[in-house]
Amino acid sequence: MAKLIQFKRREILGAASVFLGLQPLLGAKQTRAELPNFSPDVEIELYARRDRVSIFPDTQTPVWRYVGHLLKGPANSLSNVNDSYLGPTLRFVSGQKIRVHLHNELPEPTITHWHGLHVPMAADGRPSQAIGNGQTYVYDFEVRNRASMNFYHPHTHEATATQLYRGLAGLIIVEDEEERALELPSGPYEILLALQDRVFNKDNQFVYRSDMHQSMFGFYGDQILVNGQRQYHLNVDSRAYRFRIVNASNARIYKLAWNDGTPLTVIGVDGGLLNQPENRAYIMLAPSERVDLWVDFSGRSIGSKLSMQSLSFAGLVPEMAQTRVQDNEGEKNGSFTVFSVSVTRQVGESPKVPERLSKIKPLDTSKAANPNQPIPIAIGMGHMRLTLNGRVYAQEGFLPYEHIRLNSLQLIDIFHDHSGMGMMSMMAMGHPIHLHGQPFQILKRTFSGDDTAYATIKDGFIDSGYKDTVLVAPGERVEIIKPFDDFVGEFMYHCHNVEHEDMGMMREFNVE
């Protein structure tokens, strides 16, 4: 039965047990992930705290949120997102040294993960690093990523889903000289968009179901929020924009398309810019995936309107799990509006999308350490258990192939393990698999299954460029190649349907 997200003790016992196990190690109220001789270029105070925001007029909705203050660094290193529970947007430059003081003012343990950033294990925001109320975790890391859009969110064992749902999330922009030289749309013409779905009760408070149905399928809300706002609308000029979108939902997968059929021009994905723009009729965007779009309104007259839709699709979400979205235009055949746009001002000349964006070289498969034995990631949902390679998080230590040689290039094979499912086959669904550390490249997809369903999604996968999350449909096998450079330690790989993650669909590689 649906209920208010008033957290009961039984819902946080898992996270609390992790924290209690850490108490002898933490001792003092501050834990540091220090690097030797580290002098930060940017230093930030980040607080995880309870708050109330106006998502509806004349109503305050309780949320959890990140609140930040810039202690040192360029003024644009931290900027607040107006009228939203989202945390401040962090803007870094490749090569900068970053220090973040995370202060936990919440009534339960938490820890923050810098999703997409290539950082040492101590700065990754692992479940075992969770801190309790009144404690501080200090992260030190150097930005090693190329220009890209990333985001930060909790990674607390068995509490990631509820903490993300309550509002704990924020965006990270990394810049570099290669991207700056392109002079892409910036300032008011660079639009950052975080997509989420929620359920509200009659008092406009968040509602979160806590039952086996939701644990097995993930949370699906009936209202779409963009940057924490309902019925999100943009007024734009008649020129080119850059729309940078992250799916920050717990479980919902979007099939993004313009309502008038205008192609989407993709210039980047999780790990930054592509080599050249790619046009698609629609884009599949699973939880934690990002897409960078060049959107040109220069041919449109004042008063023209456009809406970004999520179209209907098949084969990724069991019918029993789907929740209809309350669309102000009315959901039509499973499609709904994500946000809308109106052209309100005519301007002069508009920039043109560059023909060449970057110079990404394919990772060399001949240099892989395991050319004939790809590391398996077998996604399992048998016997009401959510597993990777037949095991749940922290079960029985590392599997032999979870030991990875430092500074090696590895082939990885991701697929669905249907053994033991039996009657559970009706629950087969797509899973967004996220690997911590450096981004990877997708080598190929193969599919064997319902071709009619697959045809509704297959043209929406952007498999070029660098990725850190890949959506794997039932019947698919996805082969990737990933470097494991620079840092030893334990780095997670897991499903980014965060309810699945909390149920144990998470493992670790031990880089040594």
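How do the residues of the lining of the largest cavity divide into nonpolar, polar and charged? They divide into seven nonpolar, one polar and five charged, where Ala, Val, Leu, Ile, Met, Phe, Trp, Tyr, Cys and Pro count as nonpolar, Asp, Glu, Lys and Arg as charged, and the others, Gly among them, as polar. Before going on, please note that this is a predicted model, in which local features need pLDDT of at least 70 and side-chain atom pairs count only at pLDDT 80 or more, while totals for chains, interfaces and linings use all residues. Residues are numbered from 1 along each chain as its sequence is written, and side-chain values use heavy atoms, with hydrogens and water left out.

On a 1 Å grid over the protein atoms alone, a cavity is a set of points where a 1.4 Å probe fits but cannot get out, whereas a pocket is an open set with protein on both sides within 12 Å along at least five of seven lines; lining residues have an atom within 4 Å of a point. The largest cavity has a volume of about 80 Å³, a volume being the space filled by probe spheres set on the points, which are joined across faces, edges and corners. Among its 13 lining residues, Met284, Glu289, Gly460, Ile462 and Lys467 lie nearest the centre. Strand E20 (283-285) and strand E21 (290-296) each give two or more residues to this lining; strands (E, at least two residues) and helices (H or I, at least four) are DSSP runs, numbered from the N terminus.

Now turn to the largest pocket, which holds about 460 Å³ of space. It is lined by 21 residues, and those closest to its centre are Val81, Glu190, Leu192, Asn227 and Tyr232. Strands E5 (89-93), E11 (190-200) and E15 (233-237) give two or more residues each, and E15 brings the largest share, four residues.

Glu190 leads us on to the charges. It forms a salt bridge with Arg91, the closest N and O atoms being 3.0 Å apart; a salt bridge is a side-chain nitrogen of Lys or Arg within 4 Å of a carboxyl oxygen of Asp or Glu. Because Glu190 lies in strand E11 and Arg91 in strand E5, the pair ties together parts that are 99 residues apart in sequence. Glu190 is buried at 13% relative accessible area, and Arg91 counts as buried at 17%; buried means under 20%, exposed over 50% and partly exposed in between, with a 1.4 Å probe and protein chains only.

Another salt bridge joins Arg180 and Glu177, with the closest N and O atoms 3.2 Å apart. These two are three residues apart in helix H3, so about one helical turn separates them. Glu177 is exposed, at 54%. Salt bridges that share partners join Arg91, Glu177, Arg180 and Glu190, among others, into one network.

Finally, look at the rings. The whole structure has 23 aromatic pairs, meaning rings of Phe, Tyr and Trp (its six-membered ring) whose centres lie within 6.5 Å; planes under 30 degrees apart count as stacked, over 60 as edge-to-face and the rest as tilted. Phe92 and Phe141 are edge-to-face, 6.5 Å centre to centre with 70° between the planes. Phe92 sits in strand E5 and Phe141 in strand E8, so their pair ties together parts 49 residues apart in sequence.
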